[in-house]
Amino acid sequence: MKKTNNMVAPWLLLLPATVLLAAFTHIPAVMTFINSFYRTPRGNRPARFVGLDQYSNMLSDPVFMAALKNNAIYALGTVPAAIALSMLMAVIVNSAIRGRALLRMSFFLPTVLPMIAVANIWLFFYTPGYGLIDQFLGLFGFHERNWLGDPDTVLGSLMVLAIWKEAGFFMIFYLAALQQISPTLSEAAALEGASRWYFFRRVTFPLLMPTTLFVMINAIINSFRLIDHVIVMTRGGPDNASTLLLYYVYNVAFRFWDAAYASALTVVLLAALALLAFVQFGVLDRKVHYK
Amino acid sequence: MKSWTSWIKGALASVAMLSAGAAQAAPVEISFYYPVAIGGPVASIVEDLIARFEAQYPDIKVKPVYSGTYPETISKALTAYRAGQPPEVAVMLSTDMYTLIDEDAIVAFDDFVKTDEDKAWLDGFFPVFMVNSEHDGKTWGVPFQRGTTLFFWNKDAFSEVGLDPEKGPQNWEEVVEFATKLTKREADGNVSRWGMQVPSSLTSYWLLQGYVAQNDGKIADETGAQTYFDSPEVVESLQYWVDLAYKHKVMKPGVIEWATNPKDFFEGRAAMITTTSGNLTNIKTNAPFPFGVQILPEHKKRGAPTSGGNAYIFNGVSQDKQEAAFQFVKWLSSPEQAAEWSIKTGYIAAREDAWATDAMKAYVAEFPGALVPHEQIPYMVPELSTHENQRISRVIDDAIEASLTARKEPGQALSDAQKEADRILEDYRD
């Protein structure tokens, strides 16, 4: 009697979390996987098992290919830049300078703002002719540019916004890590006559590596996950030049109502993210700790 | 513990009493999903209309549900339908009709039209708007709100370059000729004023349809399963549009945003623009100079696009709720209400008799620009509406964007688009 009681109590305690996780995470994930092997049912056409058809369709889908390429460029462009910028900002606001609190706040501000609001503000920045950026560049004699209406500049424009938005958040992690570094190290280095750059390169930077790994994983996930600004600013255009994977999944699922194809796309997206996370944690994690 | 159970008992008892009370009065309750795609106090206009409807039909209660944009409305309505709780009435894009039919989500109006009065009401809509409401000889929705595109010009700019400010360009050649005069280049090559601007950021197929109609072509047939994207008429039309930017150099290259297009006009950066009739009031209020408005210029003939929302009645609800929904839709789109809706929102009233009401006559007398969309009605063509419409419209939009950003030649872009459309629509052809 007593023993069963011991078994029941923990399960009961786990029950709410299990039900929620199962209902909103595990079951949908499994359903997505299963659905990806079927064809979307329409009112008068039932779902039909099509095997890997949805996956082979992907290879001949130019929009999917464009989204894949765009997302790769987007991740490769935003992740290193956001990491470098956040590290720089953290080092700046970690030093004893005047107006440090104000600086910290202003670096962190973009993180606090909702993406939808930020995207609308930047939409104005990028407006051809009288947007902030064109007005500023106009002072130096540059001509007006259609930043979001030109396939050559649209993705870059979104990337700049993403870096600006992300860096402040990652700065917090770097700032916390920097404050963990014992001041004795810098004192010792100063005694040895090491320059500040040498100290950063050989001491601070290696000690920050675990944080960098954590930030990198988050940044990569965000580069696949955050698409609010795409919806607000470009809707993937012009001619899919700014379509990111998740935005395409959203379009296929909730505008084209092709749930099966959207499921297949989601599976690919999840597999890619899982692979990236595995490589980062499994391989890099062993190398980042400074010993 | 005791007080808790007694509280539940009390609550159950009061619910039982409430439902007993409801059973006595028994008004039929229906919900009404409506989107807001324009500025203005749409929610309060809708609530005001419903209050008056309920006063006239005490046995029907309407619950208005603001459902976001058009795409959000169909998402919500279809999700609710799949969950077995559809709204009785929803206003959704007329081009969503095939999607809704394919989902078996809506019922045809024909079963509800019984009396001669009902028939007269249904026959009162402009035929061109009904094309986007009919399929297989049945009427699946009725036009609730409609828009078109109009041509605006800056009279001051016309005077400045020696054009008659009272006369807008009447055909494609005149548009190019006027726009060339109106385009102002600075010494360094920067353009401070474009002659002509046509928006292309979203649903640009809509503007292409206007050009195609003027070129005496068709973008799709009426079965909803065949498009003609690579036909010579369509290719010529897109070529003309692209040429404005790259050959004649009178339009800003790249994609032009709907939202900034009227602003460019106000700021004097674009001397002539095409934009929706829904912008009439906006331009009237904000243009700091005298402006002209007219129907779209012609080529082989006149032509203009339409778009807008239909009221649909849902499947999967009881017969008496559907009947109540029909009464509500009929009342909402009868002449008086249609005129009121048009005046307050700027949409085009979809029935001739609405234009003959006293309220509409008074409004037009005060603001003659409001008559221009009416003048264009005889030349309008139905909006592109196919099975899997969202997908098809995205395909053609992509082709237009690729051409306007000089990534592809119009002919190439459109033949790619046609191949993709064929692939998508294959399943729907007999």
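Trainee: How many residues does the contact take from chain A and from chain B?

Mentor: The contact takes 21 residues from chain A and 25 residues from chain B. Two residues are in contact if their C-beta atoms, placed from the backbone, lie within 7 Å. This is a predicted model, in which local features need pLDDT of at least 70 and side-chain atom pairs count only at pLDDT 80 or more, while totals for chains, interfaces and linings use all residues. Residues are numbered from 1 along each chain as its sequence is written, and chains are lettered from A and ligands numbered from 1 in the order in which they are written.

Trainee: What class does A:Arg235 fall into, and why?

Mentor: A:Arg235 has 16 C-beta neighbours inside 10 Å and therefore counts as partly exposed. Its loop runs between helix 11 (228–233) and helix 12 (245–254) of chain A. Phi of A:Arg235 is near 50 degrees, again a positive value in a residue other than glycine. Most residues other than glycine have a negative phi.

Trainee: How do you know what span is expected of helix 10 of chain A?

Mentor: The expected span is 1.5 Å times one less than the number of residues. Helix 10 (residues 209–225) has 17 residues and reaches 24 Å from its first C-alpha to its last, close to the 24 Å expected. Helices here are DSSP runs (H or I, at least four residues), as are strands (E, at least two), numbered from the N terminus.

Trainee: Which residues of helix 10 of chain A are buried, and why are they said to share a side?

Mentor: A:Thr211, A:Thr212, A:Val215, A:Ala219 and A:Ser223 are buried. They cover an arc of only 95 degrees around the axis, so they lie on the same side of helix 10 of chain A. The arc is that of the directions from the helix axis to the C-beta atoms. The buried residues of helix 10 pack against helix 3 (62–94) and helix 7 (154–180) of chain A.

Trainee: What makes up the secondary structure of each chain?

Mentor: Chain A has 13 helices and 0 strands. Chain B comes to 19 helices and 13 strands.

Trainee: How do the chains stand against the radius of gyration of a compact globule?

Mentor: The radius is taken over C-alpha atoms, and the globule rule is 2.2 Å times the number of residues to the power 0.38. For the 430 residues of chain B the rule gives a value near 22 Å; chain B has 24 Å, which agrees. For 291 residues the rule gives near 19 Å, but chain A has 24 Å. The C-alpha atoms of chain A fill a box of roughly 75 × 75 × 30 Å along the principal axes. Buried residues make up 30% of chain A and 48% of chain B.

Key. A residue is buried if 20 or more other C-beta atoms lie within 10 Å of its own, exposed if 12 or fewer, and partly exposed in between; C-beta atoms are placed from the backbone.
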